[in-house]
Amino acid sequence: MATVTMTLNRGDQPSEEQLEEIREAAGNPINFTDDAPELTDAELAEFRPANPKYYRPVKELISLRLDSILVEAFKSTGKGYQTRMNEALWKGAREMGIVTKK
């Protein structure tokens, strides 16, 4: 199996020939080396967006029943209360060991 190397300058669009080479190479197994070792799940979990300004996590709309006192307490903190509720859920989930990201 041949190694495919290609250099594109920032902003350049690949030609159709280059795109075809990329498509063909995508089917080849990855050759991990010391320069590009295979990452563990723990290492991958540490990845963060290069520019968080453009990162938007996927949100899911759900129906959830909460104690009215809790909802009113968050609402009383003003605009953005749903974001603060989300952060509180993240904090609790991390403390419980349910999630490790974010």
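By about how many helical turns are Glu20 and Arg23 separated in helix α1? This tour answers that question and then visits other places in the model.

The model is predicted: local features need pLDDT of at least 70, side-chain atom pairs count only at pLDDT 80 or more, and totals for chains, interfaces and linings use all residues. Residues are numbered from 1 along each chain as its sequence is written, and side-chain values use heavy atoms, with hydrogens and water left out.

**Stop 1: helix α1.** Select residues 16-26, which make up helix α1. Helices are DSSP runs of H or I with at least four residues, numbered from the N terminus. Within α1, display Glu20 and Arg23; because these two are three residues apart in the helix, about one helical turn separates them. They form a salt bridge, with their closest N and O atoms 3.4 Å apart. The term salt bridge denotes a side-chain nitrogen of Lys or Arg within 4 Å of a carboxyl oxygen of Asp or Glu. The structure holds one salt bridge. Glu20 is partly exposed at 37% relative accessible area, and Arg23 is partly exposed at 48%. Partly exposed lies between buried (under 20% relative accessible area) and exposed (over 50%), with a 1.4 Å probe and protein chains only.

**Stop 2: Ala45.** Next, select Ala45 in helix α2. Ala45 has 23% relative accessibility and therefore counts as partly exposed.

Stop 3: Move to Leu66, in the loop between α2 (41-45) and α3 (68-75). Leu66 is partly exposed, at 37% relative accessibility. Select Ile62, Leu64 and Leu70 as well; with Leu66 they form a nonpolar patch on the surface, and together the four have about 370 Å² of accessible area. Such a patch joins nonpolar side chains (Val, Leu, Ile, Met, Phe, Trp, Tyr) within 5 Å, from residues with over 30% relative accessible area and no salt bridge; like charges are joined within 9 Å. Accessible areas come from the Shrake-Rupley method with a 1.4 Å probe, and for residues only the protein chains shown count as cover.
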